Amino acid sequence: MAPSPTAVPSRSSETRRVLAGTLVGTTIEWYDFFIFAQLTATLLTPLFLKPLSESNPGLGQILAFATIGISFLFRPLGAIVAGHLGDKFGRKRILVLTLILMGSATALIGLLPTYQQIGVAAPMLLVLLRVIQGFSAGGEWGGAALMAVEHAPDNKRGYFGAYPQIGVPLGMILATGMLYILRTAMTTEQFTAWGWRIPFLLSVVLVAVGYLIRRAVEESPIFKQLALRKASEHTPLKQLFQTNTKQVIQAALIFVSNNAAGYLVIAFFIAYTTKVLKMPVAPVLLATTIGSFGWLVFTLVGGWLSDKIGRRATFLIGYALVFVWMIPMFLLVDTGSVFLYGVGIFVLTIGLGLSYGPQSAMYAEMFPAHIRYSGISIGYAIGAILGGAFAATVAEVLLQKTGWSGSIALYIMALTVVSMAAVVWVGETRGNNLHVEDLDEELVKAAAARAL
């Protein structure tokens, strides 16, 4: 009897290429995305919103954080386009295209003139490039998650699916670490004048590396099954909303808390600690980088654990930790101690990792194969809008209105209750069949024979 198309030996060279391709690609994509978020918190407001930052710094910071959220609004469009094409033409080629698109937009940000040089055209061009980044990010995650999960043995889907997930903390570590190095290697005047452009321009090198690695990865075996039964003749997007709208909503709600809390770490805390608490920028960046290693490690642990005790239980443990840690974390951050700030971030990332590691596997198990790319991409993108898109903006508004950082904690806790309810609503998905429905085995054998 022929082996299952997904029964890939875990130590095979192809398995290593798949995991490397999904990990490197998502790391580069999120490095690109996070460089902007990190610099928005510390520098881009005076460079691109100069008049407003001088006349009303508080409003300027709110609008700067809003530029992060604008890109999220275009994630669903990227998810729709990439998901539709990925379900019709394959996961691999779409992943290569999204990587190039993201990298090009990021490098162009590094070449943009500032407000002082070209006036109002500067923020307009910045927003346009952020839209392109959001479009690209909307299509990236779903394809990377499916390449990992659909290559995985059935009992290791969670662990394999955690590899594209750790691209988020790795991208953040790279972005924050790069900014820390530049901040300490040059004067403030040099960094403000031209140094901030370097991490954006480095994206060209990273994308070239990612492109070569992703080109070497085999197409998903489950998509090969779809191709054999000519599933590309179907209209996956139309079928998705005819039959699986509930799953799209569930996927979105599951993600809102993790994404919102994550963007506090990625964007809000750096601005809050340096501008409100007057902590030095470089040590805060270093503490954020070190704290992010918890996110990386516990994302892998979350994927592995979900293969042992189930996706639902792992999600709920992670979200319970996020919920109970929110107020203690803000108490630590508000001390103004860089060390205690780092401790607060690290403990938060334990919950973030456990509620992020199982996501690829759980989402893949929620949708049938022929609409899977569309389903998980759109659900993820909508969840990102409801969660992280304006989390930093909401946090800044709450802080300015209440003067109490605990109000931000309550906001995240409320979102966490929503996500926990959505996880319970979905139920356990571990063990669900990922294969093509009602596949004609004789068709597969005939096609394989013709290929010999």
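Okay, let's start with helix α16, residues 245-276, and helix α17, residues 281-309: their axes sit 10 Å apart, and the packing angle is about 160°. Keep in mind that this is a predicted model. Now, anything over 145 degrees counts as roughly antiparallel, so that's what α16 and α17 are to each other. Their crossing is right-handed.

Who's touching whom here? On the α16 side you've got Gly262, Val265, Ile266, Ile270, Thr273 and Thr274, and on the α17 side Val281, Val284, Leu285, Thr288 and Trp295. Sorted by class, that's seven nonpolar and four polar residues, with no charged ones.

Next up, the other partner. α16 also meets helix α23, residues 406-426, where the axes come within 8 Å and cross at roughly 150°. These two are therefore roughly antiparallel as well, but this crossing is left-handed. The α16 residues in this contact include Lys246, Leu253, Phe255 and Phe268, and they face α23 residues including Ile408, Leu415, Val423 and Trp425. What's the split by class? For α16 with α23, we get 17 nonpolar residues, four polar and one charged.

Let's zoom out to the whole chain. There are 24 helices and zero strands. Of its 452 residues, 59% count as buried. The accessible surface is about 16800 Å², and carbon and sulfur atoms make up 69% of that. And if you take contacts with a separation of 6 or more, 88% of them link residues 24 or more positions apart.

Notes. Residues numbered from 1 in each chain as written. Predicted model: local features only at pLDDT ≥ 70, side-chain atom pairs only at ≥ 80, totals over all residues. Heavy atoms only, no water. Axes fitted to C-alpha atoms, helices over the stretch in contact; angles between N-to-C directions. Helix = DSSP H or I, 4+ residues; strand = E, 2+ residues; numbered from the N terminus. Parallel < 35°, antiparallel > 145°, perpendicular 65-115°, else oblique. Left-handed = near helix turned anticlockwise from the far one by under 90°. Contact = heavy atoms within 4.5 Å. Nonpolar A, V, L, I, M, F, W, Y, C, P; charged D, E, K, R; others polar. Buried < 20%, exposed > 50% of the residue type's maximum accessible area, 1.4 Å probe, protein only. Areas by Shrake-Rupley, 256 points an atom, 1.4 Å probe, with all protein chains shown as cover.
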